[in-house]
Amino acid sequence: MSARPVSFPEIRTGLGWDVHRLAAGRPLILGGITVPGEFGFEGHSDADVLAHAITDAILGAAALGDIGMHFPDSDPRWKGCDSLLFLKHAQKLAEERGFRIVNVDSTVILERPKLKDFREAIRAKLAGALGLEIECVSVKFKTAEKVGPVGEGRSAEAQAVVTIAGEKAAR
Ligand code: C5P
Ligand code: MG
């Protein structure tokens with residue numbers, strides 16, 4: 001009889017989503033990168049809709065609640081704060097439970113400006129913040145085809161999926 005394994009790999013997936021209103025005179029920050037333009041995102045923190053979606057995907061994969069639970073927008077400490085701090089904290093919590101991030105995939109839905117020229121900078125910034133290879137961080141962009149609040153330029157959304165891996169002890 002062969003010996004029973006003492007542990008086996010545990011792969012988990014988390015889903016994140018966020019929306020922010022657009023407002024004149026606010027910075028447009030995506031994945032920690034400031035995109036120049038007239039409009040930016042409203043919010044308590046720096047309103048980085050992409051960082052928020054990825055943060056929720058990490059927390060979701062590890063079943064650790066959501067971003068508002070860890071960083072309530074009623075807390076003055078998070079006013080105007082760099083959302084990469086939320087991202088890194090979510091990663092730390094997942095790592096404390098024995099998980100590492102395998103990859104991040106994401107989509108930002110924003111009518112304009114065009115974001116594709118910022119893709120590599122955003123990927124590099126997120127990968128740097130998470131200590132991942134850039135190949136493990138995907139960022140995609142879509143318009144909403146002029147339909148609905150995003151399409152009318154009133155808001156922006158972001159979606160993210162994160163895979164984490166750990167080991168589970170065999171019972
Ligand atoms: O939404 P749609 O399919 O028309 O987007 C076409 C391409 O335009 C996408 O593949 C994306 O790379 C780019 N895009 C962009 N910035 C946006 C929206 C889309 O660069 N705000
Ligand atoms: Mg948000």
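Residues are numbered from 1 along each chain as its sequence is written, chains are lettered from A and ligands numbered from 1 in the order in which they are written, and side-chain values use heavy atoms, with hydrogens and water left out. Since the model is predicted, local features need pLDDT of at least 70 and side-chain atom pairs count only at pLDDT 80 or more, while totals for chains, interfaces and linings use all residues.

Helices and strands are DSSP runs, numbered from the N terminus (H or I, at least four residues, for helices; E, at least two, for strands). H20 and H52 are both buried, where buried means under 20% relative accessible area, exposed over 50% and partly exposed in between (1.4 Å probe, protein chains only).

Next comes ligand 1. Its surroundings consist of L110, P113, K114, L115, K116, R119, F141, K142, T143 and E145, a residue being near a molecule or strand if one of its heavy atoms lies within 4 Å of it. Sorted by class, this shell has four nonpolar, one polar and five charged residues. For these classes, Ala, Val, Leu, Ile, Met, Phe, Trp, Tyr, Cys and Pro count as nonpolar, Asp, Glu, Lys and Arg as charged, and the others, Gly among them, as polar. On the polar side, a nitrogen atom of ligand 1 is 2.8 Å from a polar backbone atom of L110, and a backbone N or O atom of P113 is 3.0 Å from a nitrogen atom of the ligand. The side chain of R119 has an N or O atom 3.4 Å from an oxygen atom of ligand 1. These are polar contacts, that is, pairs of N or O atoms within 3.5 Å; within protein, one must be able to donate a hydrogen and the other to accept it, and residues adjacent in sequence count only if both atoms are side-chain atoms. Of the 460 Å² of accessible area that ligand 1 has on its own, the protein covers 74% (Shrake-Rupley method with a 1.4 Å probe; for residues, only the protein chains shown count as cover).

P113, in the loop between β5 and α4, is joined to R112 by a cis peptide bond with omega of about 5°. E145, in the loop between β6 and α5, has a positive phi near 55° without being a glycine; at 62% relative accessibility, E145 counts as exposed. A47 also has a positive phi, about 65°, although it is not a glycine. This alanine is in the loop between β4 (39–41) and α1 and, at 0% relative accessibility, counts as buried. Most residues other than glycine have a negative phi, and most peptide bonds are trans.

The largest nonpolar core has 43 residues, and L30, F41, L50, I54, I58 and L126 have the most contacts inside it. Such a core is a set of buried Ala, Val, Leu, Ile, Met, Phe, Trp, Tyr and Cys residues joined through side-chain atoms within 4.5 Å. Elements giving two or more residues to this core include β2 (28–30), α3 (84–96), β5 (100–109), α4 (119–130) and β7 (155–169). The top contributor is α1, with nine residues.

S83, in the loop between α2 (67–70) and α3, counts as buried at 0% relative accessibility, and its side chain makes a polar contact with the side chain of D46 (2.4 Å). G40 is in strand β4 and is likewise buried at 0% relative accessibility; G40 and A24 are 16 residues apart in sequence and 6.3 Å apart in space, C-alpha to C-alpha. G153, in the loop between α5 (148–151) and β7, counts as partly exposed at 25% relative accessibility. G153 and R21 are 132 residues apart in sequence, with 8.8 Å between their C-alpha atoms.
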